[in-house]
Amino acid sequence: MSLRAIQFALIGLLVAVAGWQWRRDLGLRADYAAEGATRARLVADLAQARAESEGLKQDLSELRTQLDRTRALRAEAEAETRKQAAEFVARTKDWQAALRGWEDAVKARDARLAALQEREKLILTRLTEAVKHAEEATARAEEMRVRIEEGKKKE
């Protein structure tokens, strides 16, 4: 076998290895792009959950303000009840019922906030996993780039 034939065989081998690496790199790039889309979706979900959480926090703040006002009205009603007990007994019962309704509403909001916080934690966990996977894909792509550069240097 002549030197030229050996050179052609080695060049063919290098072309085959480069083609294989290129094909494998395409798969890694596709994985990276898919993880990027997943990450973007999870980031959007997280932003939406945070926006919903903020709205619920504002609602809760309003409910607490109204609850404080209702409690203040109740205190006034109890003071008036001492003066005019017979006349204000019915009103006091109505205010107590309203207060219980507000407290139940606040408890319901607190429960929804807790559920949203759990959902946010789940989304954050998924996002962290997606970022980890993307970092691993990036590391693999960088490793492939280094190998390709080393292969070029050897030529």
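Modeller: Quick definition before we start: helices (H or I, at least four residues) and strands (E, at least two) are DSSP runs, numbered from the N terminus. The model is predicted, so local features need pLDDT of at least 70 and side-chain atom pairs count only at pLDDT 80 or more, while totals for chains, interfaces and linings use all residues. Residues are numbered from 1 along each chain as its sequence is written, and side-chain values use heavy atoms, with hydrogens and water left out.

Colleague: How much of the chain is buried?

Modeller: Buried residues are 18% of the 155. Buried means under 20% relative accessible area, exposed over 50%, and partly exposed in between (1.4 Å probe, protein chains only).

Colleague: Which residues make up the largest nonpolar core?

Modeller: Eight of them: L56, L60, L63, L67, L99, V106, L113 and L116. The elements giving two or more residues to that core are α1 (3–83) and α2 (85–154). A core here is a set of buried Ala, Val, Leu, Ile, Met, Phe, Trp, Tyr and Cys residues joined through side-chain atoms within 4.5 Å. There's also a second, separate core of six residues, with L42, L46, A49 and I123 among them.

Colleague: Back to L99, what does it touch?

Modeller: Not counting residues up to four places away in sequence, L99 touches L67, T70, R71 and R74. Contact means heavy atoms within 4.5 Å.

Colleague: Switching topic: where is D110, and what is it in contact with?

Modeller: D110 sits in helix α2. Leaving aside neighbours within four places in sequence, D110 contacts L60 and R64.

Colleague: Why isn't D110 classed as buried?

Modeller: Because its relative accessible area is 30%, D110 counts as partly exposed.

Colleague: How far is D110 from R91?

Modeller: They're 19 residues apart in sequence and 29 Å apart in space, C-alpha to C-alpha.

Colleague: Last one: where is I6, and how accessible is it?

Modeller: I6 lies in helix α1, and its relative accessible area is 36%, so I6 is partly exposed.
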